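Here's a chain to walk through together, one question at a time. Have a look, then read on.

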Amino acid sequence: MCKMTFEELSGEYSTERMDTVTKALEEVLSSALPQGCITVGVYEAAKSLNVDPDNVVLCILATDDEDVKDVALQIHFTLIQAFCCENDINILRVNNTRRLAEILGGGGKQGGEPMDLHCVLVTVSIHFH
């Protein structure tokens with residue numbers, strides 16, 4: 001069974017409730033980042049989903065206004081969403097890659113190169129004692 005995305009639910013939620021969701025997402029990303037539980041980039045995410053989908057708990061698909069016309073990106077999103085639905089992975093659609101860059105630090109750059117923030121995966125951290 002596929003879970004609904006926040007994009008589909010946004011009409012049902014008040015601005016106040018969406019602010020709560022936004023803050024929760026910021027907390028999740030801020031907590032997962034130092035633990036190494038974030039995968040950034042469409043291709044990196046696809047590789048990670050293929051190798052170990054059981055450890056992925058959240059898939060964030062992000063676009064900006066100019067991305068709507070990017071057919072290749074929309075095809076990637078469709079395939080990633082289908083895979084996530086098949087593997088019971090929560091999907092969140094957001095429309096602000098700049099804010100994601102701020103949350104993930106580095107101003108959207110990694111090693112001097114711009115990060116591909118169109119797809120971000122959050123995985124569980126498994127620690128063995």
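Q: In β6, what is the bridge partner of valine 56?
A: This is a predicted model, where local features need pLDDT of at least 70, side-chain atom pairs count only at pLDDT 80 or more, and totals for chains, interfaces and linings use all residues. Residues are numbered from 1 along each chain as its sequence is written, and side-chain values use heavy atoms, with hydrogens and water left out. Helices (H or I, at least four residues) and strands (E, at least two) are DSSP runs numbered from the N terminus, and two strands pair if DSSP finds at least two bridges between them. Over in β6, valine 56 has as its bridge partner threonine 123.

Q: How many bridges join β2 to β6, and which way do the two run?
A: Leucine 61 has a bridge partner in β6 too, namely cysteine 119. For β2 and β6, the number of bridges is five, and the direction is antiparallel.

Q: Which residue of β3 is the bridge partner of cysteine 59?
A: β2 is also joined to β3, by five bridges, and these two run parallel. In β3, cysteine 59 is bridged to isoleucine 91.

Q: In β6, what is the bridge partner of isoleucine 38?
A: Strand β1 covers residues 38–40 and is joined to β6 by three bridges, with the two running antiparallel. The β6 partner of isoleucine 38 is valine 122.

Q: Which residues point one way from β6, and which the other way?
A: In a regular strand, side chains alternate between the two faces of the sheet. Buried means under 20% relative accessible area, exposed over 50%, and partly exposed in between (1.4 Å probe, protein chains only). β6 is mostly covered, with five of its five residues buried. One way point Cys119, Leu121 and Thr123, and the other way Val120 and Val122.

Q: How many of the seven residues of β2 are buried?
A: β2 takes in residues 56–62. This strand is mostly covered, and its buried residues number six.

Q: Why do the buried residues of α4 line one face of the helix?
A: The buried residues here are Leu73, Phe77, Ile80, Cys84 and Cys85. The arc is taken from the directions from the helix axis to the C-beta atoms. Looking down the axis of α4, the buried residues line one face because they all fall within an arc of 135 degrees.

Q: Which residues are exposed on the other side of α4?
A: The buried residues of α4 pack against α3, β2, β3 and β6 (contact means heavy atoms within 4.5 Å). Away from them, the exposed residues are Val71, Thr78, Leu79 and Glu86.

Q: Which residue caps the N-terminal end of α4?
A: Look for a side-chain oxygen that lies 3.3 Å from the backbone nitrogen of alanine 72. That oxygen belongs to aspartate 70.

Q: Is aspartate 88 buried, exposed or partly exposed?
A: Aspartate 88 sits in the loop between α4 and β3. Its phi is positive, about 55 degrees, although it is not a glycine. At 46% relative accessibility, aspartate 88 counts as partly exposed.

Q: How many disulfides are there?
A: A disulfide is a covalent bond between the sulfur atoms of two cysteines. The rule used here asks for a pair of cysteine sulfur atoms within 2.5 Å. For cysteine 84, the closest cysteine sulfur is in cysteine 59, at 3.9 Å, so that pair is too far for a bond. By this rule, the count of disulfides is zero.

Q: What joins the side chain of arginine 93 to that of glutamine 81?
A: Arginine 93 is in strand β3, and at 16% relative accessibility it counts as buried. A polar contact is a pair of N or O atoms within 3.5 Å; within protein, one must be able to donate a hydrogen and the other to accept it, and residues adjacent in sequence count only if both atoms are side-chain atoms. Arginine 93 and glutamine 81 are joined by a polar contact of 2.8 Å.
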